[in-house]
Protein chains: 2
Amino acid sequence: MIRNIAITGGTHGNELTGVYLVKKWQNEPDLLKRSNFETITKLTNERAIKEVRRYVDHDLNRSFGLADLSKDTLDTHEAKLAKTLNDELGKKGSDDPKVDFIVDLHTTTANMGLSIVVSNASTMTWRAIAYLCKMEPLLKVYRWQGDVENSFVDSMAPHGFAIEVGAVPQGVLRADLFVQTEALIYHLLDYVEKENHGDDLELASTLEIYDHETLVDYPRNEEGDIVAMVHQERQDRDFTLIKKGDPLFLTLGNKTLAYEGEPRYTLFINEAAYYEKGFAMTLAKKKTVEIAIK
Amino acid sequence: MIRNIAITGGTHGNELTGVYLVKKWQNEPDLLKRSNFETITKLTNERAIKEVRRYVDHDLNRSFGLADLSKDTLDTHEAKLAKTLNDELGKKGSDDPKVDFIVDLHTTTANMGLSIVVSNASTMTWRAIAYLCKMEPLLKVYRWQGDVENSFVDSMAPHGFAIEVGAVPQGVLRADLFVQTEALIYHLLDYVEKENHGDDLELASTLEIYDHETLVDYPRNEEGDIVAMVHQERQDRDFTLIKKGDPLFLTLGNKTLAYEGEPRYTLFINEAAYYEKGFAMTLAKKKTVEIAIK
């Protein structure tokens, strides 16, 4: 039984789809009303939203590691904010969490379309995803296990994931992606209502996902500055296969650098926020996962 | 006779095409060498570039008004920077300017393709533009006269304009637009060399341009926050005609707002940096201008 779900936006202050969806729902809370659970909406990083920046001091969506949450000495804006949010929507790892399910709304400058980024392994999380994929066949699922511990916003609750939509620039609202993200949330609320009610959801028993494998950084010089760009033939081709010899980067001197590895799917290609994190794209394998059928 | 030309990048620190083209040319200055003039390259706002932000205190590309340049009391980062740049590349309005021609490299999140934004009326400026349009038929020309005085970076020199390419998100390099912008600069250098040499450039005697008329702001609430987005049917349709009754905005409540004015061309649709400036797009008329044939 899901008692409540939190929909969070503005974890990155320049990703406007989540910011304005949350603002909309805070003005029209009836849109989120369902019969057998509560929905909470929350703008998580209001100062970053006001400044239209990803973050003030560091990435809030990497600030929910248990060790960091328990440290008293961290006094950055986002470290303090993470603790406050964890008091309100957590606590992470608690036997009696305040919120059962968190969906964190993001956008990306990569051509990721409508996608889910999930690190949580809970049955409820994956049944929800399976339901969304049934209702929205274009939705893609990226399982991210690139960190030692899931330190995302959604990790505060027992169940949850992030929604990533793109391509949309930072600081921009695109009506098409706004409407699609909104529809996805209504499907999710329908799922929770039906699941709570014990309905047969007629879920598929398996789901095809993209399983994270590794990161690919830009070629850089000794100072760490990039010396090549994502190749124009790879740009915008998220969720497509790259094979040995395919163009990967174009150097500033207009030389093509080819991909040298095993065949993989490329995701998050040329996301603005990942220049500083040190990757130009991620590589994933396609995998079939089983969905628990009740 | 053009003695020298300055190619400037990073006037907006998160518009990476100009930043990395200038870095490339500073590493390979031979690429810019021509027989009868000098080419200077300059990263104009290094602090904003380092912080991957449009500006530190305010827009550098609106900081070259003559009144502001002569005020001793302005002590913002960009006001001081504008004075320093004007000492190096100006002085604006001087009879003996240090630089004859300035091209300032920009990108936009709007789908502007390859375009020129010009406020300068000089014969040399327009002959250069006519030459570029001849060499690159996809290039579009937007004459901006929306300010009392041209206070752009390029206004420091007697001749000049800005290049705007898009769509590209802030903080992102797109290889396709990088290569196209680079090619445009080489055409410009060819123009200057030939013009200086007295070659017959065989320019067309007229040019079709988009002439700025007015700005259209987003619908906003009393706090000034936007309550509607660019409609999905208008998004990405820069340099196309909008007519009375065409969808213009989509409210956050999913209601379509129609355009009510005379037929006009829409430009700079949904540019990230213009949310704070208060416009969602600009409207322009198509106009034919005469090019001085020697």
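Below are a few exercises on this two-chain model, each with a worked solution.

Before you start: this is a predicted model, where local features need pLDDT of at least 70, side-chain atom pairs count only at pLDDT 80 or more, and totals for chains, interfaces and linings use all residues. Residues are numbered from 1 along each chain as its sequence is written, while chains are lettered from A and ligands numbered from 1 in the order in which they are written.

**Exercise 1. Describe the side of chain A that touches chain B.**

Step 1: Count contacts (C-beta atoms, placed from the backbone, within 7 Å). You get 24 residues of chain A against 24 residues of chain B.

Step 2: Assign elements, taking DSSP runs numbered from the N terminus (helices are H or I, at least four residues; strands are E, at least two). Helix H1 (16-27), helix H6 (175-197) and strand S8 (228-230) of chain A each give two or more residues, and H6(A) gives the most, with 4 residues.

Step 3: Sort by class. Ala, Val, Leu, Ile, Met, Phe, Trp, Tyr, Cys and Pro are nonpolar, Asp, Glu, Lys and Arg charged, and the others, Gly among them, polar. The tally is 13 nonpolar, 8 polar and 3 charged.

Step 4: Compare the copies. 100% of the interface residues of chain A are also interface residues in chain B, so the copies meet through the same surface.

**Exercise 2. Locate the annotated binding site and decide whether Glu15(A) is buried or exposed.**

Step 1: Read the record. The unreviewed UniProt entry puts "binding site" on His12(A), Glu15(A) and His106(A); positions follow the numbering used here, feature names are shortened, and annotations may be inferred rather than shown by experiment.

Step 2: Check the spread. These residues span 95 residues of sequence, yet they cluster in space, with a largest C-alpha distance of 7.4 Å.

Step 3: Glu15(A) sits in the loop between strand S1 (4-9) and H1 of chain A, and His106(A) belongs to strand S3 (residues 101-107) of chain A.

Step 4: Apply the burial rule: 20 or more other C-beta atoms within 10 Å means buried, 12 or fewer exposed, in between partly exposed, with C-beta atoms placed from the backbone. Glu15(A) is buried because it has 28 such neighbours. His106(A), with 25, counts as buried too.

Step 5: List contacts, skipping residues up to four places away in sequence. Glu15(A) touches His106(A), Thr107(A) and Gln170(A). His106(A) has partners including His12(A), Glu15(A) and Gly18(A).

**Exercise 3. Find which residues Tyr275(A) contacts beyond its sequence neighbours.**

Step 1: Tyr275(A) is in the loop between strand S12 (264-267) and strand S13 (281-290) of chain A.

Step 2: With 18 other C-beta atoms within 10 Å, Tyr275(A) is partly exposed.

Step 3: Leave out neighbours within four places in sequence; Ile226(A) and Gly171(B) remain. Ile226(A) is 49 residues from Tyr275(A) in sequence, and their C-alpha atoms are 8.5 Å apart.

Methods: Two residues are in contact if their C-beta atoms, placed from the backbone, lie within 7 Å.
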